[in-house]
Amino acid sequence: MKDISVGQAQKLTAPAPFALLSACDGDGKTNLMAVSWWTYLSNHPPKLCVCLSNKGCSGRLIRETGEFAVNVVDESLKESALKCGRCSGSTVDKIAEFGIGTVPAAEIRPLLVENSRVVFECRLSDMLDVGDHTIYVGEIVAVHGDETKKQLFAFDGYARLDTVQ
């Protein structure tokens with residue numbers, strides 16, 4: 001084995017489960033961001049976490065409202081979802097720009113992505129500063145699923161999205 005960078009390691013450990021995170025501002029305007037740094041943390045109580053760059057607007061929205069959703073999107077959104085990872089929600093209305101269908105959530109204010117295999121509605125329960133990223137721990141307050149949908153995974157970092165067989 002040879003020494004490699006963390007970025008190279010991320011590519012070698014792909015695929016990573018891909019999702020679109022939805023968070024909203026105080027006026028209820030929802031932003032979407034591409035995220036593959038998420039995982040389950042606990043079953044009792046049900047919790048998951050997302051790890052977000054400190055540069056983006058989604059972390060700020062989560063801190064302001066205390067709510068977010070992790071939308072494990074369907075393959076029908078492959079191109080749109082990839083585009084969500086290539087621009088900032090501070091300058092682009094990704095839902096409108098990329099034609100992503102949304103539905104109201106049951107327990108939180110951010111909208112949910114309609115074409116998803118699984119959606120987790122979360123309320124912020126903790127945060128941890130980990131350098132240039134922050135881990136946001138969410139208590140899962142509602143879960144929705146459609147087993148007929150095919151989940152996307154991130155390959156080669158965020159170079160491409162695809163399903164696995």
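Strand β3 provides the largest share of the lining of the largest pocket, namely 4 residues, where strands (E, at least two residues) and helices (H or I, at least four) are DSSP runs numbered from the N terminus. The model is a predicted one, in which local features need pLDDT of at least 70 and side-chain atom pairs count only at pLDDT 80 or more, while totals for chains, interfaces and linings use all residues. Residues are numbered from 1 along each chain as its sequence is written, and side-chain values use heavy atoms, with hydrogens and water left out.

The volume of the largest pocket is about 660 Å³, a volume being the space filled by probe spheres set on grid points that are joined across faces, edges and corners. On a 1 Å grid over the protein atoms alone, a pocket is an open set of points where a 1.4 Å probe fits, with protein on both sides within 12 Å along at least five of seven lines, and lining residues have an atom within 4 Å of a point. Of the 33 lining residues, M33, A34, V35, G85 and Y158 are the closest to the centre of the largest pocket. At least two lining residues each come from α1 (6-12), β3, β5, α2 and α3 (78-84).

An open sheet comprises 7 strands in the order β3-β2-β6-β9-β10-β5-β4, with antiparallel pairing, two strands being paired if DSSP finds at least two bridges between them. Strands β3 (30-35) and β4 (38-43) form the edges, each pairing on one side only, and the twist from one strand to the next averages 35°. Within this sheet, β2 (residues 19-24) and β6 (residues 67-73) run antiparallel and are joined by 3 bridges, and L20 has N71 in β6 as its bridge partner. Helix α2 (residues 57-65) lies across β2, β3, β5 (46-53), β6, β9 (116-129) and β10 (133-145), at about 50° to β2; axes are lines fitted to C-alpha atoms, for helices over the stretch in contact, and angles run from 0 to 180 degrees between N-to-C directions.

I108, in the loop between β7 (102-103) and β8 (112-113), counts as buried because its relative accessibility is 7%, the limit for buried being under 20% relative accessible area (1.4 Å probe, protein chains only). Beyond residues up to four places away in sequence, I108 touches E67, F68, A69, E121, C122, R123 and V141, contact meaning heavy atoms within 4.5 Å. T163, in the segment after β12 (160-162), is likewise buried, at 12% relative accessibility, and, leaving aside neighbours within four places in sequence, T163 is in contact with E75, K150, Q151, L152 and F155.

How values were computed: Buried means under 20% relative accessible area, exposed over 50%, partly exposed in between (1.4 Å probe, protein chains only).
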